[in-house]
Amino acid sequence: MSHSLEILTWNIQAAIGTTRYSQYLTRAHHQVFNTSAKRSTLEKIAEIVRTYDVVCLQEVDLGGRRSGFSCQAEQIATLSGHSHVAVQRNRTIPGISQHGNAILSRYALSDIHDFKLPGRVKGRGCLIANVQVGRGISVANLHLSLGRNDQAQQLEAIGQYLPRKNPFLVVGDFNCTNSSTHLEAFAEANRAQIANHPQIPTFPSWRPQRDLDHIVYSDLVSLEHRRSHALQLSDHLPVSAEIHF
């Protein structure tokens, strides 16, 4: 029996909502303090993601000062109606922020792994969970480093945690294009495909030029209706798809 899921991946930039390059400076205080605008942005994000079965978020604040000492993933899940949440804390700046990834799901999550990624600069991670639909599908939500060498090392490490006989997805902010040789090598080594036809630029959201956010799927999964969404609620655009397994 075949099963299907609607999935979305989104780097939400901790609800800071940058909409042009100059705001990296003019909204720098949003990296430190909570604002009413962030609450409004979180509500809009929740409204967008509520129709999806599985939502993978990156750059989520899990309870720092800049989020009002509240977990943004839990806030979004409460507003969107996702009853199952897994979070991963990757970097803490004391008194300011708790950077992490999150998976929101309408279905139960099991076998949750909080995997810290190797690299010259610590603070990157991959959160892996099994979504309990049918025989289950493993979903790996990642946020890679900026450097190519670190990305290659991190992808190799993630490959060791992927199932060999069961379907899986690897999604998130890869910080590299889908034609990068190390991403292609990762897909080939794990008998997976990169959803890359056509290429979908996702960064920056106000004038997308680079495809940094991807969905990689195993040979036991089929994918269709992949698209980005023209939303300026983060400096990245969200990417969604329908998958069958």
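## Close-up views of a predicted model

**View 1. Gln151 is a buried residue.** In this predicted model, Gln151 is buried, its relative accessible area being 2%. The residue belongs to helix H4, which spans residues 148–159. Its side chain reaches the backbone oxygen of Ser145 at a distance of 2.8 Å. Beyond the neighbours within four places in sequence, Gln151 is in contact with Leu144, Ser145, Leu146, Phe174, Asn175, Cys176 and His182.

**View 2. Six strands make an open sheet in the order E3-E4-E2-E1-E12-E11.** The pairing in this sheet is mixed. Its edges are strand E3 (84–93) and strand E11 (222–228), each of which pairs on one side only. Neighbouring strands are turned against each other by 15° on average, with direction ignored. Within the sheet, strand E1 (residues 4–11) pairs with strand E2 (residues 54–61) in the parallel sense, over five bridges. For Asn11, the bridge partner in E2 is Gln58. Helix H3 (residues 72–80) packs on the sheet and touches E2, E3 and strand E4 (97–105). The direction of helix H3 makes about 30° with that of E4.

**View 3. Ile7 sits in strand E1.** Ile7 is buried, with a relative accessible area of 2%. Apart from neighbours within four places in sequence, the residues in contact with Ile7 are Tyr52, Val54, Val139, Leu169, Val171, Val239, Ser240, Ala241 and Ile243. Ile7 and Glu242 are 235 residues apart in sequence, yet their C-alpha atoms are 6.3 Å apart in space.

**View 4. The largest nonpolar core holds 23 residues.** Leu5, Val131, Ile137, Leu169 and Ile243 are the residues with the most contacts inside this core. Two or more core residues come from each of E1, E2, strand E6 (125–131), strand E7 (137–143), strand E8 (168–173), strand E10 (213–218) and strand E12 (239–244). Leaving aside neighbours within four places in sequence, Leu5 is in contact with Asp53, Val54, Tyr107, Val131, Val133, Ile137, Ala241, Glu242, Ile243 and Phe245.

**View 5. A second open sheet has six strands in the order E5-E6-E7-E8-E10-E9.** Its pairing is mixed. E5 and strand E9 (192–194) are the edge strands, and each pairs on one side only. On average, and ignoring direction, neighbouring strands of this sheet are turned by 15° against each other. E8 and E10 run antiparallel and are joined by five bridges. Gly172 has His214 as its bridge partner in E10. Helix H5 (residues 181–189) packs on this sheet, where it touches E8, E9 and E10. The direction of helix H5 makes about 150° with that of E9.

**View 6. Strand E6 is covered on both faces.** Seven of the seven residues of E6 are buried, so the strand is largely enclosed by the rest of the structure. One side carries Gly125, Leu127, Ala129 and Val131, while Cys126, Ile128 and Asn130 lie on the other. Strand E5 (residues 109–116) pairs with E6 in the antiparallel sense over six bridges. Across this pairing, Asp114 stands opposite Leu127 in E6.

**View 7. E6 and E7 form a hairpin.** These two strands pair in the antiparallel sense over seven bridges. Five residues lie between the strands. In the turn, Gly134 has a positive phi of about 60°. Cys126 has Leu142 as its bridge partner in E7.

View 8. The structure holds zero disulfides. For Cys56, the closest cysteine sulfur is in Cys126, and the 9.5 Å between the two sulfurs is too far for a bond, because a disulfide requires sulfur atoms within 2.5 Å. Cys126 is likewise in no disulfide, and its nearest cysteine sulfur is that of Cys56. Cys56 is buried, with a relative accessible area of 0%. Cys126 is buried too, and its relative accessible area is 0%.

Methods: Residues are numbered from 1 along each chain as its sequence is written. This is a predicted model: local features need pLDDT of at least 70, side-chain atom pairs count only at pLDDT 80 or more; totals for chains, interfaces and linings use all residues. Side-chain values use heavy atoms; hydrogens and water are left out. Two strands pair if DSSP finds at least two bridges between them. Helices (H or I, at least four residues) and strands (E, at least two) are DSSP runs, numbered from the N terminus. Axes are lines fitted to C-alpha atoms, for helices over the stretch in contact, and angles run from 0 to 180 degrees between N-to-C directions. Contact means heavy atoms within 4.5 Å. Buried means under 20% relative accessible area, exposed over 50%, partly exposed in between (1.4 Å probe, protein chains only). A nonpolar core is a set of buried Ala, Val, Leu, Ile, Met, Phe, Trp, Tyr and Cys residues joined through side-chain atoms within 4.5 Å. A polar contact is a pair of N or O atoms within 3.5 Å; within protein, one must be able to donate a hydrogen and the other to accept it, and residues adjacent in sequence count only if both atoms are side-chain atoms.
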